[in-house]
Amino acid sequence: VTTVSTAITTSTVSTTTISPGPWSDVRLPTYLVPYHYVVDLQPNLEPDSTGKYWFNGTSEVQFQVANSTRFIYIHSNKLEYDDVYLADESGAAISIAQWWLYDMNQFLIVELDAELVQGQNYSLHTQFKGELADDLTGLYRSTYTDINGKDVIIAISQMQPTDARKSFPCFDEPAFKATFKIFLWHKDPNYALSNMPFVITEVNWDISPERYGGWKRTEFEPTLRMSTYLLAFVVSEFGYEQSFTSGTPPVQTRIYARPEQVLNHNVEYAKNITPVILDYYESYFGVDYPLPKSDQIAVPDFALGGMENWGLVMYRETALLFDAAINSAYSKQRVARVIAHELSHQWFGDLITPLWWDELWLNEGFATFIEYIGTDYVEPGFRMMDQFVLYDLHDALTVDALTTSRPIIAENVTTPDDINALFDDISYSKGGCFIRMISEFAGEEAFKLGLKNYLEEFSYGLVDHNQLFSYWEEVKWIFFWSDMDTWVNQMGYPVVTMKQNLDNPLMMEVLQERFLLDPKADPTLPESPSFDILYDIIIFYSYLLNNSDLSMVYPNGKYVIGNYEAFGYYRVNYDDANWNAIINQLSRNFSAINVKSRSQIIDDALTLARTGLVKYEIALKTTKFLRDDYDFLPWQSALRVLSYLDDMLGRSEAYGVYSSYLLYLVEPAYYNLTWTDEGDHLQRQQRGSTINTACSYGSIDCIEHAQTLFHTWMADPSNNTISPNLRDAVYCQAVANGGSDEWDFIWGRYQTEGDSHEKSALQSALACTKQLWIIQRYLEYTLDSTLVRNQDAYSVYVGLCGNDYARDLTWDFLRREWDYIYEVYGSGFFRINSIIEGCTSRFSTEFELKELETFKESRSDQLGTGARSVDQALELTKTNIQWRTDYEDTVFSWLNYVRRSLILNRIF
Ligand SMILES: [Zn+2]
């Protein structure tokens, strides 16, 4: 199934008269091998008389014929052709019988009168035009309001994964690497950028003055051998700042953005860290950055965080720009991370590229892991290697515990929808976790040497995981072949149980079984014939015993912690005695246990409790040390995993006592941190989170303080004295505990705010309101892209669905307006997944299950890339219903018990 809507096309014959042919296969044949393109594009930034925007283009693709054929087919989507002709190597025209567009598979098909000769080279020439739409795909237009309030239009591109074919006809699969000679047209004051440095900009065209009069043409150096999805085009009047790497010759690195962003020095942070990261990667990978320049550009409308186009990386503004005066520590970290991620792709993805999208994890898993290495190098104070646990390990372990998960190496990937659906937590986070596990196990030197050899061997070429594994195997005795395949070729992961061996009580028994969040799901499905759903587990562990013997002695009276420092991709369970020994250690002296393990213990215990593998009385006790431990990591893990209890108890009588417990845990940290923005990077982030937690669970002191700060700002709007690190919390609490005055004030600021980070903080706060009529009005606003940008609306829905007061209204609204939602998000990247996940994760009643089933049935043809998310949501809702039956009372009574004992001790 493909969701691509009918192309606007003219062709010599209608598709319906063509009998079925090999083009009914969505994959390209391998008998035409392209090696060079010449592409000339003229994006017109002024509309035609009907208000539509267009680009004109000509293209030539040179290819070799590996097997004689009478048919050429090449990708083309939403392009209208004026001319198609074929020439042999001498330039002589080859007779074409007919050509047509096969929209179903996005092909331009050319049928020849005679067969093309095997081994010969030909060139296909086309002249075409396409719409320069504001749809964030292919060559598209983006609009922003400049400092004078004037709307400015730029042309920009996003090709990955299958939209290069929307800009010019091409063999649009990653394996068809070629070189590209690019020409771009533009008018003053705009200029053009592409992957390579420009050669010359020419003016004064006397040919076709009606088409080229007043235009300039920029010619770029030919690219190195690369995949189509990494091409990039920009026509804008953006400003930039530049720096250079320290290599020989130095690489020129430029950060482009709207002129006012450059004037405001918001590109400076990116400018400073980029050459440092590139230099570091060159030494880490042992392979030089392959291009003469590295441009990065902040785009006002961009579907993704960043896109690793070779030599011209694109970002949404919040992922590249940073203003130290008004942006938070978290924003800074995000910028560093996304830059480190995209720059690592310049090697992993761009220099070497997976043969096909089913191994997307070789791009995204690597970039996910390496982004931490790169950020850690440039910002050692961020403790990135610790934070990996929070942002990637725990995400992956959550998603991958569902029966609807998938193996890292995907199966049955053919259509654009299949490909788009792979940009998920499995490719990114699980891929990253797997690579991190290997890196820890192999040791840094062997890990790096294997990578270096692999990169050198396959530069400008194509890879699969067997090649990668064989290079690690070569430098280290690691048993990659069958063993590591258990992690990449089957879905899910195990829970490892370490417990006393009852037959031999001095010894420990270590067992594994697949872990699934739904205790009723069948862990043997889907079948994995090669591996029996067993995983080859690298056991990292820590004893508090002085034990030279590697056999596992049961730590009687002491404790053992499995998966120490959380390098392994699995969960660990223990017998009650060992759990209690760990909990005792945490309450006596938590710092004896590594901070990553403190995070992991909380996450494991509370997740395993959801399925009955650990008693809730024990799991909840793993959180009690948080009264003493103010560190960012265990707190964030706890808030994340406890949010499940929030979701399940949010509308139950247990919520009161649950809130009291959370307030009891957070109060020492709240009073310790104070409201002054000071301390190290993570303390400054933690302060905002602590304040938000204290206010959310009902601290009157906190709410009053937040309101005072906010009203001071409202009284003097030009002078916002709220620290950037506290803004998320203060804005949200002021809106949540206020009325339309506070909301309207934020909304007004949101409409005019030029800084994207600040704008996103304002946007999040708008979703905090508890007033139903304001929620309804806000939802209506999202249908108007002049009020809420399309790229932002999805996060409005997710934000509102996270608010107990707004969830029902939002879900009703989404179902009612699904036609619109689908049109905007249906065929793009993972936005529709986020909407479905964000808005259904709290479903826990039979009624909500029925609603979701009805939704799936009635919209089955309008789910696009979200189809898997709906199945996951159904599974999760059933699990939630079961959870409430099984555990709600247990949790309620434990919380009551703690409350009573604390009251007796006069603590509460
Ligand atoms: Zn990436």
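Reader: What spacing do the donors of the zinc ion follow along the chain?

Author: In this predicted model, the donors follow the pattern H-x3-H-x18-E along the chain. The residues concerned are H341 and H345, each through NE2, and E364 through OE.

Reader: What makes these atoms donors of the zinc ion?

Author: A donor is an N, O or S atom within 2.8 Å of the metal. The coordinating atoms of H341, H345 and E364 lie at 2.0 to 2.1 Å from the zinc ion, so they meet that cut-off. Water is not among the atoms, so the site may look incomplete.

Reader: Where do H341 and H345 lie?

Author: Both belong to helix α4, which covers residues 329–345. They are 4 residues apart, about one turn of the helix.

Reader: Why is H341 called buried, and why is H345?

Author: The term buried requires a relative accessible area under 20%. H341 has 7% and is therefore buried. H345, at 0%, counts as buried too.

Reader: Why are β16 and β19 said to stand at the edges of the sheet?

Author: The sheet is open and has 5 strands in the order β16-β17-β18-β20-β19, with mixed pairing. β16 (239–244) and β19 (306–307) each have a single partner strand, so one side of each is left without a neighbour in the sheet. Helix α4 packs on this sheet, where it touches β18, β19 and β20. The direction of α4 makes about 150° with that of β20.

Reader: How do you know that β18 and β20 are paired?

Author: Pairing requires at least two bridges between two strands. Strand β18 (residues 293–299) is joined to strand β20 (residues 312–316) by 5 bridges, and the two run parallel. V299 stands opposite R316 in β20.

Reader: How do you know that the span of helix α9 agrees with expectation?

Author: Helix α9 (residues 444–458) has 15 residues, which at 1.5 Å a residue should span 21 Å; the end C-alpha atoms are 21 Å apart, so the two values agree. The buried residues of α9 include F447, L451 and F458. Among the elements against which its buried residues pack are α3 (268–285) and α10 (465–475). After α9 comes Y460, with a positive phi near 65°.

Note on methods:
Residues numbered from 1 in each chain as written. Predicted model: local features only at pLDDT ≥ 70, side-chain atom pairs only at ≥ 80, totals over all residues. Heavy atoms only, no water. Donors = N, O, S within 2.8 Å, 3.2 Å for Na, K, Ca; no water. Buried < 20%, exposed > 50% of the residue type's maximum accessible area, 1.4 Å probe, protein only. Contact = heavy atoms within 4.5 Å. Axes fitted to C-alpha atoms, helices over the stretch in contact; angles between N-to-C directions. Expected span 1.5 Å × (residues − 1).
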